[in-house]
Amino acid sequence: MESRGRKLRMYVERSGYGTSVRQKEGWSQDWLVGGGEMGKLIRSMDWSRTPLGPIESWPQSLRTTVSLCLASNFPIALAWGPQHVQIYNDGYWPICGDKHPAAMGQDFTECWAAPWPVIGEAFTRALAGETSFLENQRMFLDRNGYLEETFFTFSFSPIRDDAGVAGLFHPVTETTSRMLSERRTRALRDLAARAGKAQTIEETCTLAAQTLSEYQLDLPFVLFYLFDDRTNEARLIAGAGLPQESVAMAAVVDLGAPQQSACH
């Protein structure tokens with residue numbers, strides 16, 4: 001028996017089987033390395049409290065995908081399993097805003113409920129196996145305690161395992177600054193082009209108000225007054241974005257009268 005045991009140990013060592021087992025065991029413990037701040041967060045979380053279960057029990061497909069996600073500088077999120085558990089990297093972290101760190105491990109559909117009317121169809125198609133791509137998509141996000149207009153270019157791609165679609169791969173680029181800058185530049189161009197055709201100051205104000213009424217997301221309302229030095233009054237010439245009966249839309253403002261504060 002002792003001789004047979006020695007032979008078995010010699011076979012294992014020659015075949016490399018024992019080394020392979022040790023390597024697999026080491027990999028199962030050490031696969032989640034690096035990954036910046038999100039890597040640290042993932043390692044510190046108790047995943048047994050989530051639908052994914054303890055991190056030691058994660059399937060190889062999930063481990064590999066998370067490793068790729070964390071190793072990338074590009075903003076990437078994953079939605080894994082029937083509960084769409086969200087995992088993301090350092091690049092995606094700023095997109096979450098105040099939702100972080102609660103967003104890590106949260107149901108993706110719950111985390112992004114506000115823009116769901118915009119992204120929900122693409123998400124559902126990807127779950128069915130069809131990659132979806134949206135470019136410069138406008139949506140309103142509540143990520144800093146208020147709804148803000150944002151723009152993103154992103155995709156949802158299915159991640160498959162032996163059972164089918166196990167999760168979604170979600171790379172994202174935020175294009176908010178560029179899209180807002182382009183729109184506001186266009187507003188200035190339109191304003192200059194239309195107002196330049198005016199023959200009088202009054203007509204200039206009217207054309208300007210009409211032009212800016214098309215950009216209410218940047219200027220919710222505008223009022224144009226002309227000042228009369230003789231009467232010390234300002235007279236409303238044109239406006240947009242406010243109803244005619246609004247108290248803020250005074251036809252004449254007496255600049256010599258003491259102004260009452262709206263704060264009490």
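## Helix α8 and its surroundings

The buried residues of α8 pack against β3 (132–142), β4 (147–161), β5 (164–174) and α9 (201–212). Here, helices (H or I, at least four residues) and strands (E, at least two) are DSSP runs, numbered from the N terminus. Packing rests on contact, meaning heavy atoms within 4.5 Å. The model is predicted, so local features need pLDDT of at least 70 and side-chain atom pairs count only at pLDDT 80 or more, while totals for chains, interfaces and linings use all residues. Residues are numbered from 1 along each chain as its sequence is written, and side-chain values use heavy atoms, with hydrogens and water left out.

The residues of α8 that are buried (under 20% relative accessible area, with exposed over 50% and partly exposed in between; 1.4 Å probe, protein chains only) are T176, M179, L180, R183, A187, D190 and A195. Seen down the axis of α8, these buried residues fall within an arc of 115°, so they line one face of the helix. The arc is that of the directions from the helix axis to the C-beta atoms. On the other side of α8, the exposed residues are S177, L188, R189 and A192. An α-helix has 3.6 residues a turn, so residues three or four places apart point the same way.

The length of α8 (residues 176–195) can also be checked. At 1.5 Å a residue, its 20 residues should span 28 Å, and the end C-alpha atoms are 28 Å apart, which agrees. The expected span is 1.5 Å times one less than the number of residues.

## Helix α9

In α9, the buried residues are C205, A208, A209, T211 and L212. Seen down the axis of α9, they fall within an arc of 160°, so they line one face of the helix. Their cover includes α8, β6 (222–228) and β7 (233–240). The twelve residues of α9 should span 16 Å at 1.5 Å a residue, and its end C-alpha atoms are 16 Å apart, which agrees.

## Cysteines

A search of the whole structure finds zero disulfides (a disulfide is a pair of cysteine sulfur atoms within 2.5 Å). For C111, the closest cysteine sulfur is in C96, 5.6 Å away, too far for a bond. C111 counts as buried because its relative accessibility is 3%, and C69 counts as buried at 0%.

## The chain as a whole

The chain holds nine helices and eight strands. Of its 264 residues, 36% are buried. Among contacts between residues at least 6 apart in sequence, 43% join residues at least 24 apart.
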